[in-house]
Amino acid sequence: MRWVAIIAIIVLLPCTMLVSGWRDWREVRRSQAWQPVDVASAQAVAYDGASVRLVDIHALPPDPGLAKDRTFLRVRLLVEPRRPGTKWLDCRISLIDAASHDWAAIETVPDLLQRALARPGEVKGAGCDGLAVAEAQPGAQVFVDSYYLLPRPLPAGLRVTLSTRDGRPAYLRFSQGTVQ
């Protein structure tokens with residue numbers, strides 16, 4: 001009877017480890033952006049069930065009431081879902097400079113900052129979350145905004161990246177745009 005238990009352990013333990021490891025590897029693969037898809041400025045590209053285009057990168061101009069050594073920056077993307085119910089789970093917009101520093105987005109953006117960085121007549125943008133894109137009908141335009149606090153003068157070589165859970169390991173890497 002003991003030999004049956006030993007054989008069962010010898011067979012079942014590696015099988016369990018293999019299945020568990022495979023599942024974990026798939027999760028790691030979905031959590032990391034490993035395969036860049038380079039996109040030229042102002043070019044639309046298909047990604048995770050939607051057409052995506054970088055609209056602009058806009059910095060808050062110097063103002064006497066603001067700190068002289070830093071500024072706020074807004075990244076605006078235009079997303080057009082191609083199928084109903086497009087889910088953009090775990091959406092990430094990153095701003096990376098030439099030194100590979102990944103600047104963290106501001107999570108809670110005050111309305112005053114949104115108004116200061118908005119252009120006249122612009123539609124208010126949504127955050128990079130699955131709900132904004134999932135509720136839009138195919139062909140509708142959804143503006144997705146992301147806000148950052150950066151040192152002034154702005155770091156060289158700023159690039160915008162976008163990834164979603166179902167789009168990974170591929171991610172969009174937009175060419176260096178001019179900050180306006």
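Me: In which helix is the place of isoleucine 6?

Reply: The model is a predicted one. Isoleucine 6 has its place in helix 1, which covers residues 2-31.

Me: What makes the nonpolar surface patch of about 720 Å²?

Reply: Trp3, Val4, Ile6, Ile7, Ile10, Val11 and Leu12 make up this patch. Membership requires over 30% relative accessible area and no salt bridge, and nonpolar side chains are joined within 5 Å.

Me: Why is glutamine 141 called exposed?

Reply: Its relative accessibility is 52%. The term exposed applies over 50%, so glutamine 141 counts as exposed. This residue is found in the loop between helix 3 (130-134) and strand 7 (142-151).

Me: What does glutamine 141 touch, leaving aside residues up to four places away in sequence?

Reply: Glutamine 141 touches Leu78, Val79 and Glu80. The C-alpha atoms of glutamine 141 and proline 81 are separated by 7.7 Å, although these two residues are 60 residues apart along the chain.

Me: What makes the pair of side chains from glutamine 141 and glutamate 80 a polar contact?

Reply: The distance given for this pair is 3.4 Å. A polar contact calls for N or O atoms within 3.5 Å, one able to donate a hydrogen and the other to accept it. The pair of glutamine 141 and glutamate 80 is therefore listed as a polar contact.

Me: Is histidine 58 buried or exposed?

Reply: Histidine 58 has a relative accessibility of 11%. Buried means under 20%, so histidine 58 counts as buried. Its place is in strand 3 (residues 50-59), and a polar contact of 2.9 Å joins its side chain to that of arginine 119.

Me: Why is threonine 161 called buried?

Reply: The relative accessible area of threonine 161 is 7%, and the term buried applies under 20%. Threonine 161 has its place in strand 8 (residues 159-163). Not counting residues up to four places away in sequence, its contacts include Arg92, Ile93, Tyr171 and Leu172.

Me: In what order do the five strands of the open sheet stand?

Reply: The order is 1-9-8-5-6, and the pairing is mixed.

Me: Why is one side of strand 1 and of strand 6 left without a neighbour in the sheet?

Reply: Strand 1 (35-39) and strand 6 (102-103) stand at the edges, and each has a single partner strand, so one side of each has no neighbour in the sheet.

Me: How do you know that strand 5 and strand 6 pair?

Reply: Strand 5 (residues 92-96) and strand 6 are joined over two bridges in the antiparallel sense. Pairing needs at least two bridges. Isoleucine 96 stands opposite aspartate 102 in strand 6.

Me: What is the phi of aspartate 48, and what of serine 100?

Reply: Aspartate 48 has a positive phi of about 50° although it is not a glycine. For serine 100, also a residue other than glycine, phi is near 65°.

Notes. Residues are numbered from 1 along each chain as its sequence is written. This is a predicted model: local features need pLDDT of at least 70, side-chain atom pairs count only at pLDDT 80 or more; totals for chains, interfaces and linings use all residues. Side-chain values use heavy atoms; hydrogens and water are left out. Helices (H or I, at least four residues) and strands (E, at least two) are DSSP runs, numbered from the N terminus. Buried means under 20% relative accessible area, exposed over 50%, partly exposed in between (1.4 Å probe, protein chains only). Contact means heavy atoms within 4.5 Å. Patches are made of residues with over 30% relative accessible area and no salt bridge: like charges are joined within 9 Å, nonpolar side chains (Val, Leu, Ile, Met, Phe, Trp, Tyr) within 5 Å. Accessible areas come from the Shrake-Rupley method with a 1.4 Å probe; for residues, only the protein chains shown count as cover. A salt bridge is a side-chain nitrogen of Lys or Arg within 4 Å of a carboxyl oxygen of Asp or Glu.
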